[in-house]
Every structure is written in structure tokens, then in C-alpha cells.
Amino acid sequence: MQLFKSDYYKTMGLAAVRDKVMDGERLSFEDGERLFDCPEPLAVGALAHHARTRLHGDKAFYVVNQHVNYTNVCVNGCVFCAYQREEGQSGGFVLTREDVLAQLADASLEPREIHIVGGCHPRLPLAYFEEILAAIRERYPQAVLKCFTAVEISHFASLEGITTGEVLTRLKVAGLDMLPGGGAEIFRPAIREQLCPRKATADQWLAVHEEAHGLGLKTNCTMLFGHIESHADRVDHLIRLRESQDRGRGYTCFIPLPFLTENSKLSIDSPLTGLEELKTIAVSRLMLDNIPHIKAYWVMLGVKQAQAALKFGADDFDGTVVEEKIGHEAGATSRQGMTRIELEEMIRGCRCTPIERDGYFNEV
Ligand code: V47
Ligand code: SF4
């Protein structure tokens, strides 16, 4: 393939990076910056596609899953978040355990993954979450319960006056299998303090994931990009995740989340281009050599961009989702939910082979 010729990469300033990718060698911080500086996104994308193909061939994964958001009331008030409401503010909601069960039942799916997250509510006790998990565990024994971000786990711990380890242990007993990847945002303190000064710090976020790994729980991880962060901040974030994975091997999937600007208090000078989104997904695949899967989250990317991402390093299309609030409050124009048949058509449309998976990425 012309794109892989070393002369071509020499003109892009990426000859050494190309050789490392071809040899399966780990990329450095400077390599990550060089990839972002490359003027030609296709050159970066081709390397990421090579790395993705080496891992997964032409497979693209999807899951029959369902998202439930139990509350939008949150004490953190992150500046980018269009979803959050103050307690008592109009539009605020809290679901009861019965509401959660009814939402799951309404979809008439047999989900293999149930994704439950919400705001950091000032008063919901840990018992509320234990009861929800236990009830779902009983009704959906086949589903992987991927619930509560590290930020929520830290919040539950401080409300209850117990450690995050105790929270994780109690939730695991109630039925928790996995933590979703949300709340990571950007780790570097100078950016995090401007985006979300009240939520768990980067060190706390990483510590909760590593504690979860120690308890045998798998987790995902994310990066929110395209706001006030620099390329170096993105590379730093990816390397911190890679180092964390070296310590515990518990991360299954990385989800790059492009910042959606609607209804947000955060105004930015230059919104992301589609190519910058794709390049960031590609650099993520290349830097995160120890995280098996990269998700093209169609809800936030839009379906067509998620399809393109499958050629820029991503190998997972997420799933049926059913109803999503966080991205849609922020202006996501993607629809609510897709069927298994539609997901397979989208994947085949990119000449990839659709593979249905469970929450742990086992093929089903
Ligand atoms: O933590 C909030 C992000 C995340 C905006 O683990 C925004 O499988 C863009 O983490 N524009 C929640 N993003 C979503 C998430 C996720 C989604 C799907 C699968 C998994 C998984 C995880 O959404 C938040 C935050 O980083 N977010 N506001 C916004 N305006
Ligand atoms: Fe709360 Fe999460 Fe929104 Fe931050 S991103 S305000 S923690 S709901």
C-alpha cells in the first residue's frame, strides 16, 4: 500500500513512528505529539488501521445493550455538561428502582450489557444502588452490568463515609460486573480544574479503576477532547491510561468522546473538525497498545463518522443503546437507539464483518 511506503512517512516527519508501528514497538510521548502534528490525517489513519487490523482483522464488534440514566441531579456542575441539573431545578429527575426496571422492560430486549450512570446526587444512599443492581441481576442474568463511573463511586464513598474499596465491594456483591469509562475527561490538573473542579481528581479516577481491577472487575476508559485541551494534554492522558493498564490489565475498551457544544457553559474558539476527530481516534489506537478495543461511539460521533472511525483504528460500534440523554442534551444529532440489523448493516457498509459481543467483548 502506497501509504505505508517509508519515503511517504519521511515527508510527514513520521518515518521512525511508522517503523515502530510496523514492528509493534511502544510509541513515546514525542511520537504521540508528532502524530498529532502530522498535516495528513490519512497517514496517521493508515497506521492506526494497520494496528487495528493486526489485533482484530476486519471484525467490528457490537452489543445488544441498553443505557439507563437514573438521575440528572448532580453536585459537580462540570462546565461542559449540558445534562446536569441542580436539585429542585425544573427538568431534574430521579428514577425509582421500579422506573429503572420499567425502562429496561419497555425495550423488550434481552440485553447482554446494561449501562447505568447518573449525576452525583446529594442524597441517594448506597442502598438505592445496591437494590437496583440486585433487582436487575435477578431479572437479567445474561447481562454484564456496567454501572457507575469512578466519579460516582468516589461520590458514593464520601456520602457514606466509607472507602471506595468498600463501595466497590458492596456493589460487586449486589451484582456489579464492570465500570463504564466516563468521568476521565482530561487528566492534566490545569485543564481538569477549569472543566470540572469539583469532581474526582485524575489520581482518584485512576485509583478507583485500579481498585476495581484488583477486585476482578473490568472497566472501560474515556477521554473528552476538542474543548480547551492541547494535543500534549491528549497524549499525556493516553499515556496515563496506558501506564495504569500496565499496572492492572483491567481496561477492556477506550472511548474517545468528542466535545458536543450545545447547551454547554463552555464556549470554545474552534470546534473540532471531522478529520481532527478521526485523527484523535487514530492516535488513541496507536498510543494505547495495551488496551484491546477502541470504541466508535455512534451516539456522540454520529453514525457516519463512527463508520469512518472503523477505518481509523476503532473496532467497536457500541450497541443498540435504546435511549441516551448525556450526548443528546449536548446536541448529539444521532437518533435514539439502533436495532441489531441496523448495526450490522452499518458495519457491513464499511466492509467490516459484524461480530455480536457481550459486555466483556466475548463473541456470542
Ligand atoms: O463522562 C459529558 C461525556 C461521558 C459531554 O464505558 C460529553 O462503554 C461530549 O462515558 N460532549 C459519559 N461528551 C459517556 C461515557 C460512555 C459512553 C458510552 C459507553 C461508555 C462505556 C462510556 O460523556 C461523560 C463525559 O465525559 N460528556 N458532556 C458533551 N457535552
Ligand atoms: Fe455531573 Fe457528570 Fe455532568 Fe459532571 S459530567 S456535571 S459529574 S453529570
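Reader: How many nonpolar, polar and charged residues does the shell around ligand 2 have?

Author: In this predicted model, local features need pLDDT of at least 70 and side-chain atom pairs pLDDT 80 or more, while totals for chains, interfaces and linings use all residues, and side-chain values use heavy atoms, without hydrogens or water. Residues are numbered from 1 along each chain as its sequence is written, with chains lettered from A and ligands numbered from 1 in the order in which they are written. A residue is near a ligand if one of its heavy atoms lies within 4 Å of it; Ala, Val, Leu, Ile, Met, Phe, Trp, Tyr, Cys and Pro count as nonpolar, Asp, Glu, Lys and Arg as charged, and the others, Gly among them, as polar. Around ligand 2 there are five nonpolar, four polar and one charged residues, among them Cys74, Cys78, Cys81 and Lys199.

Reader: Where does ligand 2 sit?

Author: A cavity is a set of points, on a 1 Å grid over the protein atoms alone, where a 1.4 Å probe fits but cannot get out, and a molecule sits there if more than half of its atoms lie within 2 Å of those points. Ligand 2 sits in the largest cavity, and the space taken by ligand 1 is that largest cavity.

Reader: Which residues are closest to ligand 1?

Author: Of the 22 residues that surround ligand 1, the closest are Lys146, Gly181, Gly183, Glu185 and Leu260. By class, this shell has 12 nonpolar, six polar and four charged residues.

Reader: What lies 2.6 Å from an oxygen atom of ligand 1?

Author: Between ligand and protein, a polar contact is a pair of N or O atoms within 3.5 Å. Here a polar side-chain atom of lysine 146 lies 2.6 Å from an oxygen atom of ligand 1, and a polar backbone atom of glycine 183 is 2.9 Å from a ligand oxygen. A nitrogen atom of ligand 1 is 3.4 Å from a polar backbone atom of phenylalanine 80.

Note on methods:
A polar contact is a pair of N or O atoms within 3.5 Å; within protein, one must be able to donate a hydrogen and the other to accept it, and residues adjacent in sequence count only if both atoms are side-chain atoms. On a 1 Å grid over the protein atoms alone, a cavity is a set of points where a 1.4 Å probe fits but cannot get out, and a pocket is an open set with protein on both sides within 12 Å along at least five of seven lines; lining residues have an atom within 4 Å of a point.
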